[in-house]
Amino acid sequence: MHYSAANGDSRLSCWLRVREFAVPPSMIESATARRATGDWAGACAAAHVDVDLNLRCAAHAYGQEFAACLRADLRHLAPDLLRWHMPRIAPDGLMRPGLTVSLARYDPMGRGDGGTVHLVARTPPAWADAGQRISLALWDGSRLGAGLHPHPRPHRRFRLDLHRHLWDVRRVGELRVRSGADRPPDDGRPTPNLDMPLARDCAVDRWAPEAWMLLRTIGRAGGAVAVRLGGRRRLVLDLAVDGDTSGLPALRIRTAPTRGDASALPVLPDAATWVLPDLALLRAGLIEADRLHPLVASALVLGRSPVGGPRSPEGGGGPRLVECRGAQHRIGLVNEVLVPLDHGPAEIRRERLLAALTGTPLPCLQVIDEAHRAPDCLIDVRARLDHGDTAGALAAVEGLLGPGAPLPRGALRDELETAAQRRIEYGLFRAELAELGQGPAARPGRRSRGDRARPRHTTFR
């Protein structure tokens, strides 16, 4: 599905690309099958999630009760669903790099301070983000076990411990209400007066109950909550102590006078600030429910079953037609190699010899050569490689060229070689063999991914 499918809405068109490539159906099916058998570690491996924690060591450090709670959460963790909902950045929709997201909080010492140990999901820094892998770890306030990660502390804005329905299969049913899918858009509920315009993807109707939930976790019955809308745009939500938590009448919104004024306040999680992208895509008619993660589809669409995986985009099959010397000719796979089907072996040999002598070969041969060097599917192959779906990228190449075709020098081969090199850089990061912030890809003269610039840490919602 290409960018033009979203009728000019670049944000939704980017989310379409993310939903097509970021979490492939094969990953969802494999992770789900392993999770269903109780193999949570295998499910993590299938979803490209590295496990940097040890249950036995956790039990020794924090007690058996803590280890039992942690084990239960891990068994109900859907790592593919976590990947589906991880924060992303523009313009490619890759996971936000160098991020630590809190998934659950525990209080093993019984101090009642809201949790002293966090189950966290981390993304590597941008220079080591090849494969778009996630790591699971425990964080207790120290940097122990964080390795080269630049930001081991859980981010206040990007947190999922208050949104377990985005990763915990026991809570997925809450997604329908928490996302606002249980009622139609513009259902007549009162909205607060505000001088500054708000983007249409702001989930204003959910801000009050989500802010109340946030305040309760820190022991407050009311007060102010900051909302970050990207860049330097900040709002403050004032919630009355005796307000109605089921709607918006108790909510007053004002602009934050200064950055410092808002920074001292609790921050509304990003997952509660914006309309769920899948819901926006469904309501815009840009995606069908069977293209969503099955757990998401079952929550957003009544009557949908959470069984099975999302349907893959329809691929092109059979021979391709080429305009060749005034006629329609076919090219297709024969013995696992892409060849012209309407030219004999002698003619093909003659044309290849002509091309070697700097002549112009048949259009059929020109199309095949172009397919080997920079195929029409190169954009999709690059997207799969960027999102870590190496198997899907190779399958797309083999489906076009055949598994037995050699790759000449060109854009396609360069992309595959670059992807392999970047996986080495991720290995250096995991092995702590590179200096913090000085990875190979960050050094001067290093070719960036696809030579495409992207804004630094621009939130993708």
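The model is a predicted one. Leu74 belongs to the largest nonpolar core, which has 59 residues, and is listed with Leu70, Leu103, Leu119 and Leu136 as touching the most other members. Helix 12, residues 294-300, gives the most to this core, with five residues. Apart from this core lies another, made up of 21 residues, including Val204, Ala208, Ala211 and Leu215. In soluble globular proteins, nonpolar side chains tend to be buried together.

Among contacts between residues at least 6 apart in sequence, 64% join residues at least 24 apart. The accessible surface of the chain comes to about 21900 Å², and 52% of that area belongs to carbon and sulfur atoms.

The next topic is the loop between strand 5 (117-122) and strand 6 (134-139), where glutamine 132 is found. Glutamine 132 has a positive phi of about 50°, although it is not a glycine. Glutamine 132 counts as buried because its relative accessibility, 3%, is under the 20% limit. Glycine 131 lies in the loop between strand 5 and strand 6 as well. At 5% relative accessibility, glycine 131 also counts as buried. Not counting residues up to four places away in sequence, glycine 131 touches His48, His387, Gly388 and Arg423. Glycine 131 and arginine 384 are 253 residues apart along the chain, with their C-alpha atoms separated by 9.5 Å.

Histidine 387 has its place between helix 15 (378-386) and helix 16 (390-401). With a relative accessible area of 6%, histidine 387 is buried. What does histidine 387 touch, not counting residues up to four places away in sequence? The residues are Phe21, Ala22, Arg88, Asp92, Gly93, Leu94, Gly131 and Gln132. Gly131 and Gln132 are found in the loop between strand 5 and strand 6.

Proline 91 is found in the loop between strand 2 (88-89) and strand 3 (94-95). The peptide bond that joins alanine 90 to proline 91 is cis, with omega near 0°. A further backbone feature is found at glutamate 432, which has a positive phi of about 60° although it is not a glycine. Glutamate 432 is found in the loop between helix 17 (411-430) and strand 13.

Empty space inside the model is the next topic. Rolling a probe the size of a water molecule over the atoms shows where empty space is left. A search of the whole structure finds three cavities of 30 Å³ or more. The largest cavity has a volume of about 440 Å³. Its lining holds 30 residues, and those nearest its centre are Leu166, Asp270, Ala271, Leu276 and Pro277. By class, the lining has 16 nonpolar, five polar and nine charged residues.

Which elements each supply at least two residues of the lining of the largest cavity? They are helix 1 (10-21), helix 6 (79-85), helix 7 (175-178), helix 8 (204-217), helix 10 (270-273) and strand 13 (459-460). Helix 10 has the largest share, three residues.

Alanine 271 lies in helix 10 and is one of the lining residues nearest the centre of the largest cavity. Alanine 271 counts as partly exposed because its relative accessibility, 34%, falls between the limits of 20% and 50%. Leaving aside neighbours within four places in sequence, alanine 271 is in contact with Leu160, His163 and Leu166. Leu166 is also listed among the lining residues nearest the cavity centre. From alanine 271 to arginine 157 the C-alpha distance is 8.6 Å, and the two are 114 residues apart in sequence.

Tryptophan 274 is found in the loop between helix 10 and helix 11 (277-283). Is tryptophan 274 buried or exposed? Tryptophan 274 is buried, with a relative accessible area of 8%. The C-alpha atoms of tryptophan 274 and valine 204 are separated by 8.0 Å, and the two residues are 70 apart along the chain. Val204 is among the members of the core of 21 residues.

Notes:
Residues numbered from 1 in each chain as written. Predicted model: local features only at pLDDT ≥ 70, side-chain atom pairs only at ≥ 80, totals over all residues. Heavy atoms only, no water. Contact = heavy atoms within 4.5 Å. Areas by Shrake-Rupley, 256 points an atom, 1.4 Å probe, with all protein chains shown as cover. 1 Å grid on protein atoms, 1.4 Å probe; cavity = no way out; pocket = protein on both sides within 12 Å on 5 of 7 lines; lining within 4 Å. Points joined across faces, edges and corners; volume = space filled by probe spheres on them. Helix = DSSP H or I, 4+ residues; strand = E, 2+ residues; numbered from the N terminus. Nonpolar A, V, L, I, M, F, W, Y, C, P; charged D, E, K, R; others polar. Core = buried A, V, L, I, M, F, W, Y, C linked by side-chain atoms within 4.5 Å. Buried < 20%, exposed > 50% of the residue type's maximum accessible area, 1.4 Å probe, protein only.
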